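Okay, everyone, thanks for coming.

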Amino acid sequence: MLYELMSWLEVNYQPPGFGAFEFITTRAAVAAAMALFISIMIGRQIIKWLEQMQLREVIRDDIGLDTHLGKAHTPTMGGIIILLAILIPALLWMRMDSIYTWMIILVTLILGVVGFVDDYIKVVKKDKSGLSGRLKIAGQVTVGLLLGCVLYFWPDFHEFRTLTTVPFLKNVNIDYAFLGEALGWVIYIPVVIFVITAVSNATNLTDGLDGLAAGTSAISGLILGIFAYVSGRTDFSNFLNIMYLPGSGELTIFTASLVGACMGFLWYNTHPASVFMGDTGSLALGGAFGALGLMLHKELLLPIVCGIFFMETISVIIQTTYFKYTRRKYGEGKRIFLMAPIHHHFEKKGWPESKIVVRFWIIAVLLGILGLLTLKLR
């Protein structure tokens, strides 16, 4: 919205310096700074409100970690801070005439609402199970269906709508239109639904230690922002030999807001945390990452760029699959990890929480660099 105002003032009055807001880099920098400021300044007031409302974290009795019992009085639903810090700068500095703007904001907002309902049931209704699994999945599937239909049927996306980049391979793309162009949606839309559901749940699993999900989200958001920027410019996309996606540069501003929001949230979320993001934040962030990957046709890169989330999910799948297999075969279930997701495995081994988080951040940085290297290592 502010972008349109700045453009109008520039065209009609030519005030000095206003032309800089035509550049995506300028708007991204301002959005990141604004998101950081909002999350720190508004965050303090929201935390006080959460404490007054006694919206505190619900610790399950069967978690098996005594160190987490002391977190029962920590305010949760802090994802409200992240949502406000992302959406306000994004709405102010992204172009309102871009379909990219509306789709990424809708996906983030709707999944944030789903997470909010889940948190509300847990902390207000005192139901530790929260929103039923079926209803949560229904919300994720609905968002995936909406996004899939827009990405497939919207005229601006027709050229590359069913294509996705294969990492590390030059000029190799997967076309989801296996059944022909007319029936391309039969494969593509279920893929979109799967990606949105998988990545949002993976981010939710990662939100188990102070600062873990927020820190890794900031790193992943930064890397995806770089991909959005180069994909939206003809010079960079031609030089790197990647798909040129007109208008996708606007997503750079959204990712800048996301990074700034997560960094500001870490002011209160680092160990010992003053607030937890809850499902309100984790589902919204995960949905945003899934949508970014899909809109940039880089969803096959998400297991690398969002590698920590992927690792956490794989550890849960391995643990539950092996447990069920051994119980069926030997009559007693066995475990590979001391506890899943894998960050709890290291807690069980006696690693301090802060050490686990920082080491996971380091791994996330290395995976992010590997993701960027796929632009040239092909």
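Let me start with a question: is Glu181 buried, partly exposed or exposed? Glu181 is partly exposed, with a relative accessible area of 44%. For those words, buried is under 20% relative accessible area, exposed is over 50%, and partly exposed is in between, using a 1.4 Å probe and protein chains only.

Quick housekeeping. This is a predicted model, so local features need pLDDT of at least 70 and side-chain atom pairs count only at pLDDT 80 or more, while totals for chains, interfaces and linings use all residues. Residues are numbered from 1 along each chain as its sequence is written, and side-chain values use heavy atoms, with hydrogens and water left out.

Back to Glu181. Its salt-bridge partner is Arg161, with the closest N and O atoms 2.8 Å apart. By salt bridge I mean a side-chain nitrogen of Lys or Arg within 4 Å of a carboxyl oxygen of Asp or Glu. Arg161, at 12% relative accessibility, counts as buried.

The structure holds eight salt bridges. One of them pairs the side chains of Arg27 and Glu250, at 3.0 Å from N to O. Arg27 sits in helix H2 (residues 24-52) and Glu250 in helix H9 (residues 250-269), so this pair ties together parts that are 223 residues apart in sequence. Helices here are DSSP runs of H or I with at least four residues, strands are E runs of at least two, and both are numbered from the N terminus. Both ends are tucked away: Arg27 is buried at 1%, and Glu250 is buried at 6%.

Then there's Asp279 with Lys136, a salt bridge at 3.3 Å, N to O. That one links helix H10 (residues 278-295), which has Asp279, to helix H5 (residues 133-153), which has Lys136, 143 residues apart. Asp279 is buried at 6% relative accessibility, and Lys136 is buried at 14%.

Now the greasy part. A nonpolar core is a set of buried Ala, Val, Leu, Ile, Met, Phe, Trp, Tyr and Cys residues joined through side-chain atoms within 4.5 Å. The largest has 85 residues, and Ile104, Leu147, Phe254 and Phe289 have the most contacts inside it. H9 gives the largest share of this core, 11 residues. Apart from that core lies another of 11 residues, including Leu212 and Phe346.
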